[in-house]
Amino acid sequence: MTTAQKDSTPEELKALAEQAGRDLEDASALEILQWAVDTFGTAFCVTSSMEDAVVAHLASRVLKGVDVVFLDTGYHFPETIGTRDAVEAVMDVNVITLTPKQTVAEQDAQYGPKLHDRDPDLCCALRKVKPLEEGLKGYRAWATGLRRDESPTRANTPVVGWDEKRQKVKISPIARWTQDDVDTYITEHGVLTNPLLMDGYASVGCAPCTRRVLQGEDARAGRWAGRAKTECGLHG
């Protein structure tokens with residue numbers, strides 16, 4: 001990272017992000033990630049839900065040993081933890097696992113069991129949003145696997161934008177990709193994927209709040225089914 005980025009004010013970083021979003025709209029995912037690494041160096045990381053390792057794989061081609069941040073909420077499917085362990089074992093990345101301040105048992109003791117059923121927003125805040133905010137403090141920029149085709153709420157995702165809540169540059173290098181693009185990349189590069197994607201799940205989150213999708217539903221329909229909630233709070 002250059003001294004300019006290291007010393008930049010939030011206003012300067014926001015302007016940088018918005019300009020890059022315009023300049024890189026038609027760039028490839030690798031070109032977008034190369035810009036991120038050139039601009040921020042090791043103050044850049046990738047976040048991954050371990051649904052697949054596509055963005056982590058892309059980033060590792062640009063920066064070997066890139067930090068890949070994973071949130072272990074305590075509610076993950078065993079397959080998701082297994083995917084994380086496999087990514088750590090076979091890819092040239094540095095997996096950093098973040099955990100909430102409270103274990104599930106401690107949270108149950110304070111708030112009552114199955115908070116995710118009664119107040120999913122609070123559960124996500126405690127087990128996802130707050131740990132990520134803490135975990136990202138040492139970075140100026142972070143990359144996500146958000147895609148515009150996943151749901152209406154993500155249709156306007158910029159390839160580079162400004163995360164107002166965390167005051168960081170937010171990079172979505174595959175924002176313009178389709179599911180076919182993702183599948184092609186996985187096949188061509190042998191990228192690790194969560195086994196649940198082969199078992200009817202189109203989007204993989206915490207086990208209590210994730211179901212298989214039905215034919216014709218969008219990829220996010222299996223998350224918090226039956227509720228108005230469509231995002232955990234990490235991206236909105």
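Reader: Where does Thr39 lie?

Author: Thr39 lies in helix 3, residues 29-40. Helices (H or I, at least four residues) and strands (E, at least two) are DSSP runs, numbered from the N terminus. This is a predicted model, in which local features need pLDDT of at least 70, side-chain atom pairs count only at pLDDT 80 or more, and totals for chains, interfaces and linings use all residues. Residues are numbered from 1 along each chain as its sequence is written, and side-chain values use heavy atoms, with hydrogens and water left out.

Reader: Is Thr39 buried or exposed?

Author: Start with the scale. Buried means under 20% relative accessible area, exposed means over 50%, and partly exposed is in between (1.4 Å probe, protein chains only). Thr39 has a relative accessible area of 8%, so Thr39 is buried.

Reader: Which backbone oxygen does the side chain of Thr39 reach?

Author: A polar contact is a pair of N or O atoms within 3.5 Å; within protein, one must be able to donate a hydrogen and the other to accept it, and residues adjacent in sequence count only if both atoms are side-chain atoms. Here the Thr39 side chain reaches the backbone oxygen of Trp35, at 2.6 Å. Look also at Ala141. Thr39 and Ala141 are 102 residues apart in sequence, and their C-alpha atoms are 9.3 Å apart in space.

Reader: Which residues have the most contacts inside the largest nonpolar core?

Author: A nonpolar core is a set of buried Ala, Val, Leu, Ile, Met, Phe, Trp, Tyr and Cys residues joined through side-chain atoms within 4.5 Å. The largest one has 43 residues, and those with the most contacts inside it are Trp35, Phe44, Val160, Val169 and Ile171. Helix 3 gives the largest share of this core, seven residues. There is also a second, separate core of eight residues, including Cys45, Val69, Leu98 and Leu132.

Reader: What does Ile171 touch?

Author: Contact means heavy atoms within 4.5 Å. Leave out residues up to four places away in sequence, and Ile171 touches, among others, Ile32, Trp35, Ala36, Phe44 and Ala141. Val159 and Val160 are also among the residues that Ile171 touches.

Reader: How many aromatic pairs does the structure hold?

Author: First, the general idea. A pair of aromatic rings is described by the distance of the centres and the angle of the planes. Rings of Phe, Tyr and Trp (its six-membered ring) pair if their centres lie within 6.5 Å; planes under 30 degrees apart count as stacked, over 60 as edge-to-face and the rest as tilted. The structure holds three such pairs. One of them is Phe77 with Tyr201, which is edge-to-face: 5.5 Å centre to centre, with 65° between the planes.

Reader: Why does the pair of Phe77 and Tyr201 tie together parts that are apart in sequence?

Author: Phe77 lies in the loop between strand 2 (66-71) and helix 5 (78-90), and Tyr201 in the segment after helix 9 (179-189), so the pair ties together parts that are 124 residues apart in sequence. Phe77 is buried, with a relative accessible area of 11%. Tyr201 is buried too, at 10%. Another pair is Trp177 with Tyr185, which is tilted: 5.6 Å centre to centre, 50° between the planes. Trp177 and Tyr185 are buried.

Reader: What else is Tyr201 in contact with?

Author: Leave aside its neighbours within four places in sequence. Tyr201 is then in contact with Phe77, Leu196, Thr210, Arg211 and Arg212. Glu88 makes another reference point: Tyr201 and Glu88 are 113 residues apart in sequence and 23 Å apart in space, C-alpha to C-alpha.

Reader: How many salt bridges does the structure hold?

Author: Side chains of opposite charge can pair when their charged atoms come close. A salt bridge is a side-chain nitrogen of Lys or Arg within 4 Å of a carboxyl oxygen of Asp or Glu. The structure holds seven. In one of them, Asp149 meets Arg147 at 3.0 Å, N to O. Asp149 is partly exposed, with a relative accessible area of 39%, whereas Arg147 is buried, at 7%. Asp163 forms a salt bridge with Arg166, with the closest N and O atoms 2.9 Å apart. Asp163 is buried, at 7%, and Arg166 is buried, at 10%.

Reader: How many helices and strands does the protein chain have?

Author: The chain has nine helices and six strands. Of its 236 residues, 50% count as buried.
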